[in-house]
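Dear colleague,

Please find below the sequence and the structure that I am handing over to you.

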Amino acid sequence: MPTLSFKQITKRFGSLTANDSITLSLGDSEIMALLGENGAGKTTLMNILFGHYVADEGSIEIDGKTLPSGSTEAAIEAGVGMVHQHFTLADNLTVIENIVLGTESLWRWRHDMTAARRKLIDMSEAYSLTIEPDALVADLSVGERQRVEIMKALYRDARILILDEPTAVLTPQETENLFITLRSLTEKGLSVIFISHKLHEILAISDHVAVLRRGKIVGTIKTVDADRNGLAEMMVGKAVTRPRLESMEPGAPILTISGLSATSSNKLPLLKRIDLTIHAHEIIGIAGVAGNGQAALADVLSGLNRNYSGSLELHNKTLTDAGPSEFVARGIGRIPEDRHARGMIGDMDIWENLISEDLRSKKVSKWKTIIRKKAAIERAEHLIDSYDVRCKGPLAQTKLLSGGNIQKLILARALSPNPDFILANQPVRGLDEGAIAYVHEQLFAARKRGAAILLISEDLDELLSLCDRIAVIYQGKLSSALPTSARTVTELGLMMAGQTIQGSFESERDTSLNSNSEIHAN
Amino acid sequence: MQIELRDHTSLLRAGMAPITAVFATLVICSALIVWAGVPVLEAYALLFKGAFGSSFALKETFTRSIPLMLTGLAVAVAFRSKFYNIGAEGQLYAGALASVYFGTGFIDLPAFLMVPFLLLMGALAGGALLLVPVLLKTKLKVDEVVTTLLLNFVVLLMVSYLIEGPWRDPMAMGWPQSASIIDNGVLPALLAKGRLHAGLIVALLAAVLVWAVMRFTVLGYEIKAVGFNAKAAEFSGINVNKTVVYTALISGGLAGIAGVSEVAGLKGYLTLDLSPGFGYTGVAVAMLARLHPLSVVPAALFLSAIYVGADSMSRAVNIPTYIADVLVGVSVLAILVCVMLTQYKIRFRQ
């Protein structure tokens, strides 16, 4: 008898069928990978299992017993534990407090942790998960926080563990550690559902793979019988080839960053003396674990943060004290990290969003005051056409578009003025394969015509296949940018974790910079 | 029960929302009327007659809608950029103070100059008053709801001090009121009889002007962009703080004009009961109008009709005038629910 089985689960949101009669089963001590693109229905299915949504049709059985629908309590009671992609931990509490949170009655007289502590210590021995119960969550690394999330599920006696895109925030080495943990958990009889769109991880960890596409199961296969290309084709529905980098001689220097430092509003260092020169016909990648200064670097290079020291030069002319509009006017194209929060204004129409960066230019407004709507709509029609945006037209509301089409609009706005320098911050995060290939093609086209491109990404595979040179950012310091051919995944992974490798982070290690890691060591 | 987003909102459904809301309000409030022991239909008939039933009633309804249109516009503009100005009441009094200061002998111009001059001074006073909260917000991130609301009381106490002290009209037999606006500063009456004055034209022009600014200009675009998504607006190169300051100046200015219009158009002088909360009702007007400048006109007329009609109804039958406040409150809630239902649907399961 399977531990967990989904029987004919169907869930509709209006006209969209997010899950279309999905039948799946998971056995004891098994790791099942759930593979699918964004919007394929993976998260919906897990939310139904966890009681956040109620299925329109179908049922879920755990150990042969039907799980009451729509009840998170029942799911936890039945042994389902979920580790969300975005952690749900309270930073200002300790590990043990976070783990116990929610399991105690609010109507108790005193706060007794002895039993909880004993259970936690037993657990960490049984599953060889080392964790300091009294450490503050704020002081933990991302990998450790994830371990706390897993412990939280185990503390509630989970036997089925769901991990939603667990490796998105991990370095390759941390991912390897997670896999070791997962294997030891399944040896103890736990079952795991591993949600991901990264093929090599799925091939490395799972026992079998269920592939979802547009809400339907398109196939369930044993991992030993699966290969990368076959899975990719099942996931996308057709063979998709990402464009390849043509070799090209770099041209003249376009953007020169020297001695760039920035601090946060509460005076913590974000960037430490960064030096980088990007040439025409060149894509430079910035690798690093999220939160190591990428956002601060992107803010400076988009013109949002003028509060920095050091200098930025575009074509040997300094950019100091210029804001976003001057950046755009001087030939910088910017693709922001969060396309919904920063990139587009969802409540405005498409034509309105496409003029937002040059509102006071002659093309867009008369006397910098009255908007030339007709010209703006013509521009939108032209861009929708040339960037292949699937929409009802320039007057459609932007928030109705899919993520991929919104990203195409952002590309249209940023790239159509043919900027000399392009900042692309996580340009393909959350996009489906077709859209990813499109974004990459556009970046290659810009490189070909002579643009200098800085690509910030957490996905090493993307960086290795797209970039001429790669630099690693760690706690605000940038390593030198070496040619991609001279980099290996292992080496990059170690650098992302802060290890000094010859020719990486400038010689002496600043002590204040490592204050964080010292706390862990204690 | 689950709430789900609709795929699209039909025009019919969007148009029906305010009508349904008005109807729902009347049904809900009928309970109170029954409680007061008056037949519901008779009460509503009296209310309707009191608001629209005679040329006097109509004139009163229109007269009362003038300050509501202006404060409604003030709130609608500010809320559009997510600047929550709850201080239209204070800005109205600031405008009224300006009209008294400049309109009672400071200067005497021909009427065609004097009236616009007073309106301008009132707008500047209202805008200047709102500058305090807006700078506190943009420089120090102080919440504007608190500062604008509390400034209302500051201004009201200031008015009280002035009209009981230095600005008291010596000819007013000791009543706390200011001197009267000079003849050239008075907003002319629109009709031979009744109190309807040229403030109505000012308010209607303001509505059209605000609509045009919001729809056709770069400034209007920026106000909307900042309101919808300030982060994305900033990323695009819009100066968010500057936009909020401009919005506040427009908003405070409109409320200030409402004060001038009440003093120079209706009362002739300033008293402490110049406004029975027009600034606060302006929030209700703006919400009813869904922040659309042109819809502010019918929304203000509707609320004005409720107030005028309820006054008349309470005189005829034994229902306190407070029913008007209840009607206004319920209608705002009803419109919010109805608007939500145009965008979402509720599904009951099992």
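**Findings: domains, sheets and contacts**

In chain A, 11 residues of domain 2 are in contact with 9 residues of domain 3 of chain A. Please bear in mind throughout that this is a predicted model. On the domain 2 side of this contact, helix 15 (residues 433-448) of chain A gives the most, with 5 residues. By class, that side of domain 2 of chain A has 8 nonpolar, 2 polar and 1 charged residues.

The domain assignment of chain A places domain 1 at 4-236, domain 2 at 243-331 + 418-522, and domain 3 at 343-416. Taken over C-alpha atoms, the centres of domain 2 and domain 3 of chain A are separated by 28 Å.

I turn next to a sheet of chain A. Its 6 strands form an open sheet in the order 6-7-8-3-9-10, and the pairing is mixed. Strand 6 (80-83) and strand 10 (216-222) of chain A are the edge strands, as each pairs on one side only. On average, and with direction ignored, neighbouring strands of this sheet are turned by 20 degrees against each other.

Within this sheet, strand 7 (residues 160-164) and strand 8 (residues 191-196) of chain A run parallel and are joined by 5 bridges.

Helix 5 (residues 142-155) of chain A lies across strand 6 and strand 7 of chain A, and runs at about 165 degrees to strand 6 of chain A. Helix 8 (residues 228-236) of chain A packs on the sheet and touches strand 3 (31-35), strand 9 (208-213) and strand 10 of chain A. The direction of helix 8 of chain A makes about 30 degrees with that of strand 9 of chain A.

Another open sheet of chain A has 4 strands in the order 12-11-14-15, with antiparallel pairing. Here the edge strands are strand 12 (269-279) and strand 15 (317-318) of chain A, each of which pairs on one side only. Strand 11 (residues 253-263) of chain A pairs with strand 12 of chain A in the antiparallel sense over 7 bridges. A:Thr256 has A:Thr277, in strand 12 of chain A, as its bridge partner. Helix 9 (residues 294-301) of chain A packs on this sheet, where it touches strand 11, strand 12 and strand 14 (308-314) of chain A. The direction of helix 9 of chain A makes about 60 degrees with that of strand 12 of chain A.

As to the contact between the chains, 28 residues come from chain A and 17 residues from chain B. On the chain A side, the elements that give two or more residues are helix 10 (324-329), helix 11 (339-343) and strand 18 (370-371) of chain A. The residues on that side divide into 13 nonpolar, 9 polar and 6 charged.

Yours sincerely

Methods: Residues numbered from 1 in each chain as written. Chains lettered and ligands numbered in written order. Predicted model: local features only at pLDDT ≥ 70, side-chain atom pairs only at ≥ 80, totals over all residues. Domains from an automatic or database assignment. Contact = placed C-beta atoms within 7 Å. Nonpolar A, V, L, I, M, F, W, Y, C, P; charged D, E, K, R; others polar. Pairing = 2+ DSSP bridges. Axes fitted to C-alpha atoms, helices over the stretch in contact; angles between N-to-C directions.
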